[in-house]
Amino acid sequence: MDRLPKWADVVLVPLVSLILAAAISAIVIKAIGQSPSEALKVMVEGSLMSAYGWGYTLYYTTSFIFTGLAVTIAFHAGMFNIGGEGQAQIGGLGVALACLFIPWPHWSIALLAASLAAAAFGAVWAAVPAYLAAKRGSHIVITTIMFNYIAAALIVYLLVDVLRPAGQMDPATANFPAATDLPTLNQIPILNLFFEKKVPANITLFIALAAAWAVWLILWRTRLGYQLRAFGKSEAAARYAGINPTKMIMVSMILSGALAGLMSVNNVMGEAGRLLQNSSEGAGFIGIAVALMGRNHPVGVVLAAILFGFLYQGGAELGLWTSIPIELRIVVQGLVILFTGALDIMVRMMLVRIFALFHKAQVA
Amino acid sequence: MDYATLLQILDSTLRLGTPLLFACLAGLFSERAGIFDIGLEGKMLMAAMCSGAVAFLTGSVWLGLLAGIAGSMVFAALHGVASITFRGNQLISGVALNFLASGVTVLVAQRLFGQGGRTPPLAGDARFNEITLPLTEALRPVPILGPLYADVISGHALLVYVAILCVPLTWWVLYRTRFGLRLRAVGENPAAVDTAGVSVKGLRFAAVAITGLLCGLAGAYMATALQAGFGREMTAGRGYIALAALIFAKWRPWQALGACMLFGFFQALALRPDVVTAVVQVKIPVPFLDALPYILTVLVLAGFVGKAIPPRAGGEPYVKER
Amino acid sequence: MPSQANTTGRQATAAPFAIELKGISKAFGPVQANKDISIAVPRGTIHGIIGENGAGKSTLMSILYGFYRADSGQILINGTPTAIPDSQSAIRAGIGMVFQHFKLVQNFTVLENVVLGAEEGALLAGSLSKARRVLADLSREYELDVDPDALIEDLSVGHQQRVEILKALYRQADILILDEPTGVLTPAEADHLFRILSGLRDQGKTVILITHKLREIMEATDHVSVMRRGTMVGTVKTSETSPEELAELMVGRKVLLEVDKGAANPGKTVLSVQDLRVRDEHGVERLKGVSFDIRAGEILGIAGVAGNGQSELLEALGGIATATGRVAMNGSDLPLSGPAANGQTRREAGIAHVPEDRQHLGLIMDFEAWENVAFGYHNAPEYQKNALLMDNDALRADTAAKMERFDVRPPIPTLAAKSFSGGNQQKIVVAREIERNPDLLLIGQPTRGVDIGAIEFIHKQIVALRDAGKAILLVSVELDEIMSLSDRIAVMFDGKIMGFRDPETTNERELGLLMAGVSEGAA
């Protein structure tokens, strides 16, 4: 297969994948008897045309940056971490424990502690499959899937039997103390000029952006990142170079789990103010689509996370104002993963053909 | 625990083990041909929705079954195109198709029935009803074996027996036919098959099609026999448990039967926490029983219960090389 | 012989040539692998095709076997123009191929491998019993003894090759192509193979033997065609040519088979190896107690057929495989197992390693050249900006300098390793390892798949390092390379060293016997 120019590989391949996914989604919407253009209008208006809409879009974006980065950093080490969902839920447990049982004087200290707890809990939930993969040869994909189910069962048990306050019906923890409330974007100076109403997007957004920068720095500027990437390309060669495979698997998965866990600062602490069942609501899985769409680069991940933030907020609006079920989001997510992850060779081949046509036209 | 309770649990084991067995054998054909398939879950879900919907609309479980198989085969074909024709990442393709199925099933069911993404309950000929095997009542008085025959072996939907029969059939196809020889070869060393003048792609597509067929049976069983209709996410991770059973069985048909029934047994136990508590004398939380198959799978994968060596060419797209 | 009726009528034709290729061309992107190649192979002969690595021999044969389609040209089988779009057509046309890397299913029996793709019907039982009968006949006829019920993974390489030949014969091949068949064989096994091939010829079969070894061409063939850089430079009768003439045709100029090097001047012992043992992942002992010393300013060459423990020796010394025994470097013991036995501690001890398989071990093919230059030395202080970050600019500058000194082409540090030719990839690895100025260089198959110009260059670098007073352990399956570079030769067989020889006083025959496991007393 001929090569594509680098810019085409970076920009065109995800763009064409996205167009294909959008086109098929439009067909699906048509097939269930709705109007694709009307749907797009509702989505855009509900998510991008008002400060309030942006407040939700960016809230989702924040979560997706974390889970997208989680998939990205593992991917560079050759690990497919499909367990972001479980790691995020266990991370939420860390946030809940940190917020519920320690009386914090100020939100900033609470934020620091909750972040550490979220990252640590997520990291532990990723470290077990990583250890089994490194030492026992378990398949990381299957094990992390199993850990998603085990995490869900564990959270149900804890919420029903342990953490639920007496007399409360729904399986959830008590509300966190007011001192742990994070400032939302409408409470932050300057930004409050734009966001006038209360929005769920909160200060965690900036932690997410900082995390993206840190992941870039780690992967392409540090020895650790160099070793992770080398290991991800070839385990045999890494062994030759004296790169410790166990360490690489553990470190990459621990970083990945920590990033996935951090996501729960956004939704559990920043939005819900208590731990609920299924708190991550599939964001862990969306990380896969975000990472693939973003070509496993932090800049791409941030852009893709905004796109999926739009999709999620827009999809919710569809559920409110039209009779298109909210599950359309999952269809789009599946299509994006399909085109960017599994059919990328097809997309590339299409582009190579198109480029060849242009080339001929120029020569003629 | 008395004998009657044990029989009840074994009866549930067979019921719950059946979709696992279909899906596990489905995965066996695909993975033996060198195509990893973590999209068993999505194909089952698709089949469950298609069969439930068509069975309700036509009132015929047989048309429902065909629709379920068709729906599953479409997804199998997509997986084939992505992983065979375009040499894509088989794991990612499986993940993508699982999401696609998860969304599409709800969208379609909602459009058709407007009941929050489920089909209306099925009844009569729209379901596979229970079959009473011959001599059930005559043999019932026989101590121990009589009730076993009557309460566990007899009284299941047709597809349960089909699933069990698929085990020797799979064994025979795999080890006694030309197709089976080639199928096993293409999962071990596709270059050997290619240089022998046999199409690697053809074989792999055939294997993926069989996977689609069997997942179709699994999903149809879920919606039209195990339960009366389709509900959103009704497969609830069974595709993954089947995959675990396949690894536990080391990709062999008879062992697959054993693994699926073991996992079915755990699922049956999770339905009877009272029995478990009575036996072990400690209150076991229900979520723990729910998680048990997953925990066991982790232990199996970690090789604490025997080492599993997958087909050598598994997961790798075939590229011609000298 | 198989009793199946053959209706293609290929035995009936009177055409003198089994195969004629006319004007075959094939390009892979910008690389012209075959340029207007014509060749005619008379029926009932053994025809050699010789050429350097990358001369286009294998591409040509792959076209003949339907693996690639030629861009232009014509193939005639027994005088009839034949299209060969796939392997199936090649088999139908009576062509059988024994690839360099066998195409066998490891956990199948011999019988199952032979039958695969040539089954009689939908059920296996009939095919297997027929194949059992035919195989018995074939093995009697051609000295091709193999246990039909043995699993391939339990067979020796030589026997696996026989299965490949049996596969072709079972499909009633009249034309048998063998691609570099002796690379994995001992000299004795190779002789046996040549006996089988002449037996086949005497039965009227046509054999095409592809090799880069002159000795085999002279021994086994009737005619020989020489390829150079994608073109056919000539076909001659083997009896009317000489190795020297062929060598000149192959490379287009007189070859300097001797490496220009002075006498060794060995100093103190650098590496001392005692009773080194390595087990593979299945627990099978691959290296069975090896002991030797290497002194400063000395090249120790390890000769042997591939797969006799040389790879494990390099991996154990390079810190890749765990081992038992004792290894002392400059007088201090090296860890042989546990986390301390790794490539990093080896490099710190002054050991550099050019691995046998540069594409899978020595380089990350997707990494750019400068990233590969840091490979294994990513902890080196000169590549660090501060405690946290690497100094990528310094690394790129260092890469540019190394590329210039080693004449790597194109000299672009930001080009991915996979975009360089095999020879230039090897130069990158050699530059990286040698420029570290190690006390000991481990170097495996230094010139495999490397063009002739780069071979000379790499050989000179090895000798220069020796003359700088460093110790070198050279592993190669090319006996010529071992003979011309080494100051001392150790021959390995079955995980053991059979003996040490002086390259000045030994010869290929003596080494060949040792390589086949014939011990000194018997030799």
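A: Let us begin with a definition: two strands are said to pair if DSSP finds at least two bridges between them. Strands of a sheet pair through backbone hydrogen bonds, either parallel or antiparallel. Please keep in mind throughout that this is a predicted model.

Q: In what order do the strands of the open sheet in chain C stand?

A: The order is S2-S1-S4-S5 in this open sheet of four strands in chain C, and the pairing is antiparallel. Strand S2 (31-42) and strand S5 (80-81) of chain C each have a single partner strand, so they stand at the edges, with one side of each left without a neighbour in the sheet.

Q: How many bridges join strand S1 of chain C to S2(C)?

A: Strand S1 (residues 17-28) of chain C pairs with S2(C) over eight bridges, in the antiparallel sense. To follow the pairing residue by residue, you may look at C:Ile24, whose bridge partner in S2(C) is C:Ile37.

Q: Which domains is chain C divided into?

A: Chain C has domain 1 (19-94 + 174-251) and domain 2 (269-515), and the C-alpha centres of these two domains of chain C lie 33 Å apart. Nine residues from domain 1 of chain C and nine residues from domain 2 of chain C take part in the contact.

Q: How many residues of chain B are in contact with chain C?

A: There are 18 residues of chain B in contact with 22 residues of chain C. On the chain B side, helix H8 (178-188) and helix H9 (190-195) are the elements that give two or more residues, and the residues of that side comprise seven nonpolar, four polar and seven charged.

Conventions:
Residues numbered from 1 in each chain as written. Chains lettered and ligands numbered in written order. Predicted model: local features only at pLDDT ≥ 70, side-chain atom pairs only at ≥ 80, totals over all residues. Domains from an automatic or database assignment. Contact = placed C-beta atoms within 7 Å. Nonpolar A, V, L, I, M, F, W, Y, C, P; charged D, E, K, R; others polar.
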